[in-house]
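Subject: Structure handover, salt bridges

Hello,

Here is the structure for your files. My notes on its charged side-chain pairs follow below.

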Amino acid sequence: MLNPQRSLSELPKTSTASQVERGVLEEEFNWLLKEEVHAVLKQLQDVLKEASRRFSMPTPGFENQLKQENFILGSSTMDQVKGVLTLQGEVLTQADINLKVAKSSQVLHFQFREDKQWKLQQIQDARNHVNQALQLLSSRDESYHFKSGAEVNKLMDGVMLQLTRARNRLTTPASMTLPELAASGLMKMFSPPIPGDVMVNFYINLSKLCLTVYQLHVLPANTTKNFKPAGSSVLHSPGAMFELNNNRFEVSHVHKVECVVPWLSDTLVFFTISLQLCQQLKDKISVFSSFWNYRPF
């Protein structure tokens with residue numbers, strides 16, 4: 001029985017406004033889970049299918065054969081190295097390189113042997129990560145009912161992880177030591193064989209296909225005082241030293257030439273758009289989550 005002496009202000013109250021607000025938010029959240037999440041998943045699938053398609057552009061009229069593209073490497077300011085690379089998907093099918101040897105007018109010319117091709121692992125890995133992201137998205141079709149925001153976030157985190165790995169493979173070339181590069185199968189790809197005082201490397205950096213040529217000179221056998229082997233790097237500088245087969249070498253000249261691969265530029269844009277879509281959906285989920293966690297009733 002109520003104490004008639006208690007003032008009305010002391011009596012417990014239910015906030016009608018809060019109940020209405022909660023009801024509206026629950027309705028909006030259910031709509032988000034049922035409708036908007038699937039709309040975003042459809043957008044993501046469309047964007048990533050475009051990205052995946054860029055990795056495997058077929059030749060017009062030859063649907064089962066990937067398109068071959070020729071890229072000219074070199075610049076007007078640096079003509080020590082010039083070349084033409086032929087790219088087919090993630091495979092370099094041909095490389096034709098001219099190297100003007102420093103301190104002489106000699107020009108070396110070498111190209112891939114007819115029986116050799118070089119796979120760019122970065123492109124293959126990026127494509128695989130995109131396909132894994134697509135598999136995650138396709139595992140939740142339009143009839144699937146998400147039961148919580150946490151479930152949506154888990155899916156978005158999985159997709160974002162694959163997309164971040166895909167992007168990182170293109171933006172972060174592998175570091176190599178100079179002995180690793182010297183022992184690489186790439187050195188055995190060319191005809192005529194690359195001279196012992198020259199090394200080459202191919203890699204992707206962002207949307208660029210890069211070729212680095214190192215010219216070496218042999219250090220005297222008694223060079224021990226200042227010999228410091230270089231560590232692992234994407235691009236070694238002149239002066240870098242290394243030891244191979246009991247011989248010591250120093251990099252005397254480094255030449256780097258590159259060209260933009262337009263479809264890789266497209267792909268990086270698709271990654272950015274997709275990551276933004278994932279994050280925006282997570283942010284919307286977060287708004288509702290903060291309401292449930294901190295509601296004042």
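Salt bridges in the predicted model

Arg113 has a relative accessibility of 32%, so this residue counts as partly exposed. Please keep in mind that the model is predicted. The side chain of Arg113 meets that of Asp115 in a salt bridge, with an N to O distance of 2.9 Å. Asp115 is exposed, at 56% relative accessibility, which is over the 50% cut-off.

Glu36 counts as buried, with 17% relative accessibility, whereas Lys284 is partly exposed at a relative accessible area of 38%.

Another salt bridge joins the side chains of Arg54 and Asp266, at 3.1 Å from N to O. Arg54 lies in helix H1 and Asp266 in helix H5, so parts 212 residues apart in sequence are tied together by this pair. Arg54 has a relative accessible area of 14% and is buried; Asp266 is partly exposed, at 31% relative accessibility.

Arg54 and Asp266 also belong to a network, which takes in Glu50 and Arg53 and is held together by salt bridges that share partners.

Regards

Conventions: Residues are numbered from 1 along each chain as its sequence is written. This is a predicted model: local features need pLDDT of at least 70, side-chain atom pairs count only at pLDDT 80 or more; totals for chains, interfaces and linings use all residues. Side-chain values use heavy atoms; hydrogens and water are left out. Buried means under 20% relative accessible area, exposed over 50%, partly exposed in between (1.4 Å probe, protein chains only). A salt bridge is a side-chain nitrogen of Lys or Arg within 4 Å of a carboxyl oxygen of Asp or Glu. Helices (H or I, at least four residues) and strands (E, at least two) are DSSP runs, numbered from the N terminus.
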